[in-house]
Amino acid sequence: MNNDLDVSNSSANEGKNVFLVGFMGSGKTHWGRIWAANTRRSFIDLDEVIEKTAGKLIADIFETKGEDYFRKIEANALRTCATVSNTIIACGGGTPCFYDNMKWMNEHGITVYLSCTPMEVLKRVELEQEKRPLVKKLNRAELLFFIEQKLKERESYYTQAKFSVVSQQLKLESFPGIINKSSS
Ligand code: S3P
């Protein structure tokens, strides 16, 4: 994994899809949209693809069909990204952890992990807790405990990403530096 935000002009990664991975609230959708607009790429939010395909909100899918079903359709939705190029794809927080999805993403594009501290995640997730079925019923203390545990559990998947950046340090211009760095 690479932490160095080198700003070289290498075009080795031109046209490739970029998968943003990281915990809920780590800024995948926020930064994905901004970077896509700024670098003339398309943007896809995987949760939105799932909701459109299923005709239901993520929270409703979890409630009516359960997490296992959600993970299956999430893996299928991810694989539809093989048909696009030059696109930044914001994954769901759990996407890398099921059905060899991380391996698949590494084989089909550039993966970038947006890391975030548990306290920062807490601040951000609290603002939109209702939308996130895994945490919507938790009080503040339970939420922090859940975040700390899940982050530990998921870290080994997230760190399989080719590049890693600290979410709180990101800037508008960070993105070309991350992926223009020629990768081996
Ligand atoms: C999930 C994160 C959510 C969404 C679903 C499950 C998770 O996406 O896919 O609620 O397992 O962490 P965000 O990371 O965009 O909130």
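**Close-up 1. Tyr99 in the loop between strand 3 and helix 5.** Tyr99 sits in the loop that links strand 3 (87-90) to helix 5 (101-108). Helices (H or I, at least four residues) and strands (E, at least two) are DSSP runs, numbered from the N terminus. This is a predicted model, in which local features need pLDDT of at least 70 and side-chain atom pairs count only at pLDDT 80 or more, while totals for chains, interfaces and linings use all residues. Residues are numbered from 1 along each chain as its sequence is written, and side-chain values use heavy atoms, with hydrogens and water left out. The phi of Tyr99 is near 50°, a positive value in a residue other than glycine. Tyr99 counts as partly exposed because its relative accessibility is 43%; buried means under 20% relative accessible area, exposed over 50%, and partly exposed in between (1.4 Å probe, protein chains only).

**Close-up 2. Thr95, in the loop between strand 3 and helix 5**. Is Thr95 buried or exposed? With 0% relative accessibility, Thr95 is buried. Its side chain makes a polar contact with the side chain of Glu74 at 2.8 Å. A polar contact is a pair of N or O atoms within 3.5 Å; within protein, one must be able to donate a hydrogen and the other to accept it, and residues adjacent in sequence count only if both atoms are side-chain atoms. Leaving out residues up to four places away in sequence, Thr95 touches Leu46, Arg71, Glu74, Leu78, Asn101 and Met105, where contact means heavy atoms within 4.5 Å.

**Close-up 3. Helix 2 crossing helix 4**. The axes of helix 2 (residues 46-54) and helix 4 (residues 67-79) come within 10 Å and cross at roughly 110°. Axes are lines fitted to C-alpha atoms, for helices over the stretch in contact, and angles run from 0 to 180 degrees between N-to-C directions. Helix 2 is therefore roughly perpendicular to helix 4; angles under 35 degrees count as roughly parallel, over 145 as roughly antiparallel, 65 to 115 as roughly perpendicular and the rest as oblique. Helix 2 brings Leu46, Asp47, Val49 and Ile50 to the contact, and helix 4 brings Phe70, Ile73, Glu74, Ala77 and Leu78.

**Close-up 4. The two ends of helix 2.** At the start of helix 2, a side-chain oxygen of Asp45 reaches to within 2.9 Å of the backbone nitrogen of Asp47. Just after helix 2, Gly55 takes a positive phi of about 70°.

**Close-up 5. Residues around the ligand.** Which of the 13 residues around the ligand come nearest? They are Lys28, Asp47, Arg71, Gly93 and Arg154; a residue is near a molecule or strand if one of its heavy atoms lies within 4 Å of it. A polar side-chain atom of Lys28 lies 2.8 Å from an oxygen atom of the ligand. For Arg71, an N or O atom in the side chain is 2.7 Å from a ligand oxygen atom. For Arg154, an N or O atom in the side chain is 2.8 Å from an oxygen atom of the ligand.

**Close-up 6. Tyr157 in helix 7.** Tyr157 belongs to helix 7 (residues 140-158). Tyr157 counts as partly exposed, at 31% relative accessibility. Leaving aside neighbours within four places in sequence, Tyr157 is in contact with Pro96, Cys97 and Met102.
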